[in-house]
Amino acid sequence: MDIKILGSGCAKCQTLERITHEAVDELGLSADFEKVTDPGEIASWGVMSTPALVIDDEVVLSGRVPTSDDIKLLLAR
């Protein structure tokens, strides 16, 4: 699984990264993580509001910090 966290590195972006790591660990999944902070690259994903979460090259969430349960549901798709 390939996971990207899109955002400037703000507190919300850091929270999204932390809870996504925790959800991956709790589900026993294997994932490669990448932080994308370049505004041009973030925009190339069509994301206008960060933080955003990309799983296997699909933007699955943007503009908010979800709950851990929300992340688990997205990972299980």
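Mentor: Asp56 is found in the loop between strand 3 and strand 4 (58-62). Helices (H or I, at least four residues) and strands (E, at least two) are DSSP runs, numbered from the N terminus. This is a predicted model, where local features need pLDDT of at least 70 and side-chain atom pairs count only at pLDDT 80 or more, while totals for chains, interfaces and linings use all residues. Residues are numbered from 1 along each chain as its sequence is written, and side-chain values use heavy atoms, with hydrogens and water left out.

Start with the backbone. Phi of Asp56 is near 50°, a positive value in a residue other than glycine. Asp57 sits in the loop between strand 3 and strand 4. Its phi is near 65°, again positive in a residue other than glycine.

Now the exposure. Buried means under 20% relative accessible area, exposed over 50%, and partly exposed in between (1.4 Å probe, protein chains only). Asp56 has a relative accessible area of 45%, so Asp56 is partly exposed. Asp57 reaches 54% relative accessibility, so Asp57 counts as exposed.

Two strands pair if DSSP finds at least two bridges between them. Ile55 stands opposite Glu58 in strand 4. Leu53 stands opposite Leu61 in strand 4.

Pro51 lies in the loop between helix 2 (39-44) and strand 3 (52-55). A cis peptide bond joins Thr50 and Pro51, with omega about 5°.

Four strands form an open sheet in the order 2-1-3-4, with mixed pairing. Strand 2 (32-36) and strand 4 are the edge strands, and each pairs on one side only. From one strand to the next, the twist averages 20°. Axes are lines fitted to C-alpha atoms, for helices over the stretch in contact, and angles run from 0 to 180 degrees between N-to-C directions.

Helices pack on this sheet. Helix 1 touches strand 1 (2-6), strand 2 and strand 3, and its direction makes about 160° with that of strand 1. Helix 3 touches strand 1, strand 3 and strand 4, and its direction makes about 25° with that of strand 3. Contact means heavy atoms within 4.5 Å.

These two helices also meet each other. The axes of helix 1 (residues 11-27) and helix 3 (residues 68-75) come within 9 Å and cross at roughly 60°. Helix 1 is therefore oblique to helix 3. Angles under 35 degrees count as roughly parallel, over 145 as roughly antiparallel, 65 to 115 as roughly perpendicular and the rest as oblique.

Who makes the contact? On helix 1, the residues are Leu16, Ile19, Thr20, Ala23, Val24, Glu26 and Leu27. On helix 3, they are Ser68, Ile71, Lys72 and Leu75. By class, the contact of helix 1 with helix 3 has seven nonpolar, two polar and two charged residues. Ala, Val, Leu, Ile, Met, Phe, Trp, Tyr, Cys and Pro count as nonpolar, Asp, Glu, Lys and Arg as charged, and the others, Gly among them, as polar.

One last residue. Leu73 lies in helix 3. Leu73 has 61% relative accessibility, so Leu73 counts as exposed. The C-alpha atoms of Leu73 and Ala23 are separated by 9.6 Å, and the two residues are 50 residues apart along the chain.
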